[in-house]
Amino acid sequence: MNAMRAMVAGIAFATAPVAAQAEEFINILTGGTSGVYYPIGVGLAKIYGEGIPGARTQVQATKASVENLNLLQQGKGEFAIALGDAVKLAWDGNADAGFAAPLGKLRGIAAAYPNYIQIAASADSGVTTLADLAGHSLSVGAAKSGTELNARAILAAAGMSYDGLSKIEYLPFAESVELMKNRQLDASLQSAGLGVASLKDLATSAPTTIVAIPTDVVTALGAPYMPAVIPAGTYEGQTADVPTAAVGNFFVTHEGVSEETVYQMTKLLFENLTALEASHKAAAAIKLEEALTGMPIPLHPGAERYYREIGLIKG
């Protein structure tokens, strides 16, 4: 009997560490709940929770790119979505962009879908062009967020600045829309996937103009910005294509996350794109063949392992 108890105890002792290691906590850093990052994160949390044995997933609403990257550097998340220009500025340690020092722990997983710079103005404001924003009020997203970095860049490329506007609001998407509905704000600049919920809400609630960003302004911006189009019908009342700028998003992690976990996250991401598209149609633009395009930081070894396994990285 004593021998049997000893054997059982030995088995329990031997297997306990394995059980502890099997549980993996994955905190997914997203953005505001009315944006696109959040539903994409919710979709990924479901995919990872079901596909990675022992995984516990959580979706955290944040101020998006800049906060996400700083949280990753601090080890307070395992997976994040962020704009490409913010990722590059984080790696370089650009203090003006919200990064006190280079975030050297960041590691890449994959290129995601592009964010479209979408400027919506109330019809009552009379704003129909980018230049018309002068003397009007504009919300540019949370201070030093990825959206706000985009806003500064767009205005500078057009020869404009915050000083030429009547008022700047640093508000998340949903709050910006509420002010516009109440006629307390003329326009909102939102950097997001097409069909973002906040602008859909605005366009169905009040006459809205989607303001074009001219191609010459986008050319002046240069990489990582690229010319893009918001197709007619994306928002209610939008009867024509609207030229704008786009900048790529990236899925990012940090060096402290295990190779196996990041391998599984990368593999499951690309094996479940159809399911992810059900979370938000912006995911339809995620392409395996473009997973490494424009990656501004080193790949995590787990992601690299997956890309070598499928032949995307050779040699």
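This is a predicted model: local features need pLDDT of at least 70, side-chain atom pairs count only at pLDDT 80 or more; totals for chains, interfaces and linings use all residues.
Helix α3 spans residues 65–73 and is mostly covered, with eight of its nine residues buried. The buried positions are Ser65, Val66, Asn68, Leu69, Asn70, Leu71, Leu72 and Gln73. Just after α3, glycine 75 adopts a positive phi of about 75°.

## The largest nonpolar core

The largest nonpolar core contains 101 residues, and within this core Tyr48, Leu69 and Phe251 touch the most other members. Strand β4 (residues 106–122) supplies the largest share of the core, namely eleven residues.

When neighbours within four places in sequence are set aside, leucine 69 is in contact with Ala82, Ala86, Val87, Ala90, Phe99, Leu103, Leu106 and Val252.

## Packing of α6 against α7

Two packed helices are described by the angle between their axes and the distance between the axes. For helix α6 (residues 173–181) and helix α7 (residues 197–205), the angle is about 10° and the axes lie 9 Å apart. Angles under 35 degrees count as roughly parallel, and α6 is therefore roughly parallel to α7. The crossing of these two helices is right-handed.

On the α6 side, the contact involves Phe173, Ala174, Val177, Glu178, Met180 and Lys181, which meet Ser198, Asp201, Leu202 and Ser205 of α7. By class, the residues of this contact comprise five nonpolar, two polar and three charged.

## Packing of α9 against α11

Helix α9 (residues 259–271) and helix α11 (residues 301–309) have axes that come within 7 Å and cross at roughly 50°. The two helices are therefore oblique to each other. The crossing of α9 past α11 is right-handed.

From α9, the contact draws on Glu259, Glu260, Val262, Tyr263, Thr266, Lys267 and Phe270. The partners from α11 are Pro301, Gly302, Ala303, Arg305, Tyr306, Tyr307 and Glu309. The contact of α9 with α11 has seven nonpolar, two polar and five charged residues.

Technical notes: Residues are numbered from 1 along each chain as its sequence is written. Side-chain values use heavy atoms; hydrogens and water are left out. Axes are lines fitted to C-alpha atoms, for helices over the stretch in contact, and angles run from 0 to 180 degrees between N-to-C directions. Helices (H or I, at least four residues) and strands (E, at least two) are DSSP runs, numbered from the N terminus. Angles under 35 degrees count as roughly parallel, over 145 as roughly antiparallel, 65 to 115 as roughly perpendicular and the rest as oblique. A crossing is left-handed if the near helix is turned anticlockwise from the far one by less than a right angle, and right-handed if clockwise. Contact means heavy atoms within 4.5 Å. Ala, Val, Leu, Ile, Met, Phe, Trp, Tyr, Cys and Pro count as nonpolar, Asp, Glu, Lys and Arg as charged, and the others, Gly among them, as polar. Buried means under 20% relative accessible area, exposed over 50%, partly exposed in between (1.4 Å probe, protein chains only). A nonpolar core is a set of buried Ala, Val, Leu, Ile, Met, Phe, Trp, Tyr and Cys residues joined through side-chain atoms within 4.5 Å.
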